[in-house]
Amino acid sequence: MSVESVDRAFAAALYAEGDAGLDTGASLLAAAPDADAELALRGREFVRRAWGRGWQPADVVRIVRRDLDEPQVRILSGLVRDELARYERLPARWQDQLDELPAQAWRADRFSYATAVLELYRLLLRLPAIEPVGPAPGAALLGPPVHGEPKTLARIRALLAKAEATGFPEEAEALSAKAQELMARHSVDEALLAGQGPGGDVPGACRIGVDAPYETAKAILLDAVAGANHCRAVWSSELGFSTVVGFEGDLEAVELLYTSLLVQGTAAMTRAEAAQRAGGRKRTKTFRQSFLLSYANRLGDLLAATARHVEEEFGGALLPVLATRAVAVTDRAQEMFPKTVTTRVRGATDEEGWTHGREAADRAHKGRPRLPGS
């Protein structure tokens, strides 16, 4: 009976057009407590299918949070935990994503719970296939398990965390500047080390969320951070993330720096907007859009200048190594995304927002080499 109840509920709610069948499916499940185990089993199967289509836990959580609500996120989190508990070893990055899932289960009456489950399963069923950025659980994993992270990345993470937490702008500026320089040096060290090895290191990829609002400006910021760290970013606007292609140490640096600069930029934008409102200004949307576009563009120039400055310190011996790695990253990105398109960006229309965004970028990068004419 439990299998039959689930089949009938799915036929009404998942495989029919529109929302009319949701209530019917939820009513069937609510009246069949003996179907709960089968329902959970089907949910884990939908999760496994998502892995097979290239999705990872953080990707699915992001799109469920965007298109549904927190109850479905909590139901999904339980399914992901149960499914991943079957594997002795998880691919790189999966354990971190698992640790970030909401821990608390969602409780509700049987009808409300069944409705939320069916809405979640319908979304999972319709997820498109996307380019994988690594193996799925159960696939052959190359190399030994990775424990911890390099000391340099740990230092960078600590510096950026302090920069985000401090209430003193001058301290945040100094911490961010130091972190950015360490990242550039870490990238060069990794490249030189790889150049001396047997040549087995190959580019990988990761996905980073680019959420509304002002997602265009955020995607530009991520692209700037990726480019300054020898990576390539491809934005999938309809799915709410960018895929960053590069070597592993650079990927981790990009994720750290982008997240921190976005936090710091948002805080600076909020402060600047409050000052504008105090002066009687009301056009907050155009101010924010222009602020973030200016912030992203200016930081792109400044980060690239820092990377060049650090690379020049190592002399000409570094150039062939970086050129070889750049070709490998470009080839991998083109292999993954052979049909990318260029997106036209709507220009900034708010002069005050543009000016404040540029000033915030300069502060976030204070103490680094200046560009000519800046």
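The lining of the second largest pocket in this predicted model divides into twelve nonpolar, eight polar and six charged residues. That pocket holds about 640 Å³ of space, and of the 26 residues that line it, A233, V234, W235, S236 and V341 lie nearest its centre. Three elements, α10 (215–228), β2 (232–236) and β3 (241–246), each supply at least two residues of the lining, and the largest share, five residues, comes from β2.

One of the residues nearest the centre of the pocket, S236, is found in strand β2. S236 counts as buried because its relative accessibility is 12%, where buried means under 20%. Leaving aside its neighbours within four places in sequence, S236 is in contact with F241 and S242.

The chain as a whole contains 14 helices and three strands. Of its 374 residues, 47% are buried, and the accessible surface comes to about 19,100 Å², with 53% of that area belonging to carbon and sulfur atoms. Among contacts between residues at least 6 apart in sequence, 80% join residues at least 24 apart.

The loop between β1 (204–209) and α10 holds P213, and Y214 has its place in that loop as well. The peptide bond from A212 to P213 is cis, with omega near 0°, while Y214 has a positive phi, near 60°, although it is a residue other than glycine. A positive phi is also found at R93, where the value is near 80°; R93 has its place in the loop between α5 (70–84) and α6 (94–99). These features deserve attention because most residues other than glycine have a negative phi, and most peptide bonds are trans. Y214 is buried, with a relative accessible area of 13%, whereas R93, at 21% relative accessibility, counts as partly exposed.

A search of the whole structure finds zero disulfides. C206 is in no disulfide, and the nearest cysteine sulfur, that of C231, is 7.7 Å away; C231 is likewise in no disulfide, with the sulfur of C206 as its nearest cysteine sulfur at 7.7 Å. C206 counts as buried at 3% relative accessibility, and C231 counts as buried at 6%.

In the helices, R325 has its place in α13 (residues 318–336) and counts as buried, because its relative accessibility is 11%. Not counting residues up to four places away in sequence, R325 touches E190, A191, A194, D201, F247 and D250. A161, by contrast, is found in helix α8 (residues 151–165) and is partly exposed, with a relative accessible area of 42%. A161 and L175 are 14 residues apart in sequence and 9.1 Å apart in space, C-alpha to C-alpha.

The relative accessibilities of several of these residues are set out below.

| Residue | Relative accessibility | Class |
|---|---|---|
| C206 | 3% | buried |
| C231 | 6% | buried |
| R325 | 11% | buried |
| S236 | 12% | buried |
| Y214 | 13% | buried |
| R93 | 21% | partly exposed |
| A161 | 42% | partly exposed |

Notes. Residues numbered from 1 in each chain as written. Predicted model: local features only at pLDDT ≥ 70, side-chain atom pairs only at ≥ 80, totals over all residues. Heavy atoms only, no water. 1 Å grid on protein atoms, 1.4 Å probe; cavity = no way out; pocket = protein on both sides within 12 Å on 5 of 7 lines; lining within 4 Å. Points joined across faces, edges and corners; volume = space filled by probe spheres on them. Helix = DSSP H or I, 4+ residues; strand = E, 2+ residues; numbered from the N terminus. Nonpolar A, V, L, I, M, F, W, Y, C, P; charged D, E, K, R; others polar. Buried < 20%, exposed > 50% of the residue type's maximum accessible area, 1.4 Å probe, protein only. Contact = heavy atoms within 4.5 Å. Areas by Shrake-Rupley, 256 points an atom, 1.4 Å probe, with all protein chains shown as cover. Disulfide = S-S within 2.5 Å.
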